[in-house]
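Here is a short note for your review. Please read it with the structure open beside you.

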Amino acid sequence: VSQSRYSPKIMRQLNINPELQRLIPPLTQEEFSQLTANVLAEGIRDPIITWNGTIVDGHNRYQIAQEHGLEYDTSKMYFKSLDECKEWMILNQFGRRNLSNYQRSLLALELEQVFKQRAKEKQKESGGAVIQKSEEPPIVAIKEVAKVANVSHDTIAKVKVIEAKANDEIKEQLRSGEVSINKIYQTIVKEEKKANAEITQRDKILIQKLKNGETIVRSEERRVRK
C-alpha cells in the first residue's frame, strides 16, 4: 500500500465493485439515518477513498452524496493487487467499526485464501513441499484468520459451519449480536446428531424387514443393501 493523495471536491461518478462493497458490513437503518443527518448538517468531512477510481472506503457517504447532490473529497490509495486491497479494507473496518465476533470472523475468512497462498509461497521459498489444492488449508492460514479477527481458532471453525448450514434469519441474529456463535453451533450439532440417529433407526427397521423377507421400496432396498 502506498501513500494516499487528496483530490478536490467533486461530484463525478465513482466506480463501485460489488466484490469489494460486500466487504463493508452494512449499516443498520438507524445507523444510516444518523449518518445521513450528520452529513446533511456538517457536510462530508472524511474523504471517499478510491483505488483506480473504485471506492474502497466510503460507500455509505458516497450513496448519501449522490442522493442529495453533495460534494466530497477523494483520497487515492495504491495497491499491488486486489488481494492487497481487500486486506486493507478489512483491517480498516476492524479499526473503525464495533463489529460482533461473527462479523469479524466472516470478514477475516475473506482473507483465508490470501493467507493460504502466502503460506504456500513461503513453504516453497524455504524448500518445503508445495501443498496441493486438494489438501486441507495450511494451519498457518487458519491461525492468521483467527489472529486478524481477534478470535480463537475454534470460533473460526464454528463460524464456517454456521455459514454452511444456518439460515439467513439466524445469520442476521448473529450479526446483530442477539445470539452467540457457540449457541448456534451447538444447536446445529445437536440437530445433526438427532437427524443421524433417526436415519440409523430407520435403516435398522428396513434391514430387519429385508431379513424377514418383506417388500420395501426398491430405491430404499438398493440403498440399505449398499
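Predicted model: local features only at pLDDT ≥ 70, side-chain atom pairs only at ≥ 80, totals over all residues.

**Notes on a strand and a helix pair**

1. Strand 3 covers residues 54-57 and runs antiparallel to strand 2. Three bridges join strand 2 to strand 3.

2. The link between these strands is a hairpin. Two residues lie between strand 2 and strand 3. N52 sits in the turn, with a positive phi of about 55°.

3. Strand 2 also pairs with strand 4, residues 72-78. Here the strands run parallel, again with three bridges. T50 takes part in this pairing too: its bridge partner in strand 4 is K76.

4. Now the side chains. In a regular strand they alternate between the two faces of the sheet. In strand 2 (residues 48-51), I48 and T50 point one way. I49 and W51 point the other way. All four of these residues are buried.

5. Next, the helices. Helix 4 spans residues 82-96, and helix 5 spans residues 101-109. Their axes come within 10 Å and cross at roughly 165°. Angles over 145 degrees count as roughly antiparallel, so helix 4 and helix 5 are roughly antiparallel to each other. The crossing of helix 4 and helix 5 is left-handed.

6. Which residues make the contact of helix 4 and helix 5? Helix 4 supplies I90, Q93 and F94. Helix 5 supplies R104, L107 and A108. By class, the contact of helix 4 with helix 5 has four nonpolar residues, one polar and one charged.

Note on methods
Residues numbered from 1 in each chain as written. Heavy atoms only, no water. Axes fitted to C-alpha atoms, helices over the stretch in contact; angles between N-to-C directions. Helix = DSSP H or I, 4+ residues; strand = E, 2+ residues; numbered from the N terminus. Parallel < 35°, antiparallel > 145°, perpendicular 65-115°, else oblique. Left-handed = near helix turned anticlockwise from the far one by under 90°. Contact = heavy atoms within 4.5 Å. Nonpolar A, V, L, I, M, F, W, Y, C, P; charged D, E, K, R; others polar. Buried < 20%, exposed > 50% of the residue type's maximum accessible area, 1.4 Å probe, protein only. Pairing = 2+ DSSP bridges.
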